[in-house]
Amino acid sequence: MKKKFLSVLLATAMLGTLLTGCGDDGSKNDGKKDTGTTPVASTPRPADSEPSEESNAGAEPVTLRWAIWDQETTAYWKDIKEAYEASHEGVTIEMVDLGSTDYMTVLATELSGDGSEFDVVTIKDVPGYATLVQKNAIIPLDDYISADGVDLSKYAGATDQVLVDGKLYELPFRNDFWVLFYNKDLFDAAGVPYPTNDMTFEEYDALARQLTDTTFGSQVYGAHYHTWRSAVQLFGVLDGQHTILDGEYSAFKPYYEMVLGQEADGVCRTYADLKTEGLHYSAAFSGGDVAMLNMGSWFIATMITNLQTGEYDSGLCGNWGIVKYPHAEGVEAGSTLGTITGLAVTSASDTPDAAWEFVKWVSGEEGAAVMASSGNFPAIMTDEVKDLITALDGFPTDDASREALSVSNLYLEVPYAPNVSEINSVLDSYHGSIMSGEMSIDEGIEAMNTEVGKILAQ
């Protein structure tokens with residue numbers, strides 16, 4: 001990318017723009033399958049061919065049609081388009097907004113048959129990705145990746161979790177991951193040191209209990225867990241040895257015991273109360289009586305924006321910070337769960353090489369800088385990207401909050417599997433049964449094992 005253009009773009013970007021984060025966990029993904037004819041796959045460039053030059057100066061003009069959603073409310077689509085066109089002479093990016101409602105279902109329908117005119121498509125979720133792969137609507141990128149020497153290690157292991165029969169059909173350009181938010185004023189009032197970036201679950205539980213005050217009228221909750229299953233179950237897959245696809249879920253048990261134990265002791269609000277009241281995690285944390293909240297990085301922008309606009313009372317939650325997710329004993333600090341948004345090249349594209357160049361650029365370090373300039377979290381977290389995000393007006397100024405952006409291992413909330421939607425549904429259902437007291441922990445986990453086992457046996 002031309003350095004002059006990048007510096008101008010980053011200097012003029014609206015750093016306070018509200019992020020559009022993916023606040024839902026994997027259980028919210030749309031797993032509907034679509035029927036349709038299978039398009040003939042285009043042949044990617046052979047692995048031994050020469051990679052294309054980044055600049056297309058002197059090349060034939062090309063227009064790439066790019067499927068996206070919510071163009072008017074998501075600033076980074078336009079930022080990416082303008083930056084790429086400025087640094088790639090002769091390339092025009094034509095964005096096609098399919099809307100966010102049932103985006104992946106609409107996209108799968110659009111890509112059915114030979115009539116599709118898309119060259120590049122945005123992949124919103126793993127179940128939708130699985131559908132497009134099964135329909136042969138997108139092509140494997142492995143030959144391109146090999147020819148251009150793309151370093152997949154920069155994606156912190158995320159790409160390994162969306163392999164299909166050993167092949168990769170998308171590159172991530174956005175990544176939202178879970179961190180621990182905390183209210184510094186509550187820690188200061190209690191005279192307790194702030195949480196750290198290397199904290200075991202035992203230390204985290206002890207800290208939450210230290211901060212708790214059950215005095216009626218002046219309650220302080222040491223921790224808060226939203227009603228999503230992710231807020232509890234995903235603690236059990238931080239070791240890199242387990243996933244939600246395993247079919248055996250005893251790894252969840254210690255974390256259900258921890259959270260339900262905290263509920264019983266008044267350390268956190270109960271699941272039943274949250275469901276009855278419909279209390280959102282943002283309202284809970286911004287209310288000023290929650291010391292720690294495990295939540296996705298998308299909430300950072302919400303905090304910054306709502307404090308700036310006055311929607312949140314700065315006296316209640318204005319003095320906040322983030323640290324890395326807690327981890328089990330022996331698990332590397334900085335291991336966390338995340339969701340990715342990726343780009344893929346369609347089988348119907350007449351210009352797959354040019355489409356790949358766009359995918360590679362957006363998912364690479366230059367695209368990451370453009371994403372970060374508006375406060376969004378790209379899939380590649382370089383020092384430049386961290387500098388841009390931490391320079392946002394309203395981002396916590398302490399060193400620990402900056403360090404919390406460094407991820408050592410990124411485990412996807414929803415790795416690839418053809419039947420992931422059905423598995424999500426089972427885990428979601430029995431999570432509710434355990435947390436509401438309808439089932440014991442052991443009964444709920446046994447039911448998960450049995451029902452997911454049936455799905456895996458199909």
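User: Over the face of which ring does R65 lie in this model?
Analyst: This is a predicted model. A charge counts as sitting over a ring if CZ of Arg is within 6 Å of the ring centre and within 35 degrees of the ring normal. R65 lies at 5.3 Å from the ring centre. The ring belongs to F118.

User: How far is K124 from the ring centre of W69?
Analyst: K124 lies over the face of W69. For Lys, the atom used is NZ, and the cut-off is within 6 Å of the ring centre. The distance here is 4.9 Å.

User: How many aromatic pairs does the structure hold?
Analyst: Rings pair if their centres lie within 6.5 Å. One of the pairs is F181 with F299. The total for the structure is 31.

User: Is the pair of F181 and F299 stacked or edge-to-face?
Analyst: A pair of aromatic rings is described by the distance of the centres and the angle of the planes. The centres of F181 and F299 are 5.1 Å apart, and their planes stand at 65°. Planes over 60 degrees apart count as edge-to-face. So the pair of F181 and F299 is edge-to-face.

User: How many residues apart are F181 and F299?
Analyst: F181 is in strand β4, while F299 is in helix α12. The pair links distant parts of the chain. Both residues are buried. They are 118 residues apart.

User: How many salt bridges does the structure hold?
Analyst: A salt bridge needs a side-chain nitrogen of Lys or Arg within 4 Å of a carboxyl oxygen of Asp or Glu. The side chains of K154 and E365 meet in one, at 2.8 Å from N to O. The count for the structure is 17.

User: How far apart in sequence are the parts that K154 and E365 tie together?
Analyst: K154 and E365 meet in a salt bridge. K154 lies in the loop between α5 and β4, and E365 in helix α15. The pair therefore ties together parts whose separation in sequence is 211 residues.

User: Is E365 exposed or partly exposed?
Analyst: Exposed means over 50% relative accessible area, and buried means under 20%. E365 has 39% relative accessibility. So E365 counts as partly exposed.

User: Which residue meets R269 in a salt bridge?
Analyst: R269 is in the loop between α9 and α10. Its partner is in the loop between α11 and β5, 20 residues apart from R269. Both partners are buried. The N to O distance is 2.9 Å, and the partner is D289.

User: Is K324 buried or exposed?
Analyst: K324 meets E403 in a salt bridge at 3.2 Å, N to O. E403 is partly exposed, with a relative accessible area of 37%. For K324 the value is 11%. Under 20% means buried, so K324 is buried.

User: Where is D165 placed?
Analyst: Phi of D165 is near 55°, a positive value in a residue other than glycine. D165 is exposed, with a relative accessible area of 78%. Its place is in the loop between α5 and β4.

User: What is the relative accessible area of D70?
Analyst: D70 is in the loop between β1 and α2. Its phi is positive too, near 50°. D70 is partly exposed, and its relative accessible area is 25%.

How values were computed: Residues numbered from 1 in each chain as written. Predicted model: local features only at pLDDT ≥ 70, side-chain atom pairs only at ≥ 80, totals over all residues. Heavy atoms only, no water. Helix = DSSP H or I, 4+ residues; strand = E, 2+ residues; numbered from the N terminus. Buried < 20%, exposed > 50% of the residue type's maximum accessible area, 1.4 Å probe, protein only. Phe/Tyr/Trp six-rings, centres within 6.5 Å; stacked < 30°, edge-to-face > 60°.
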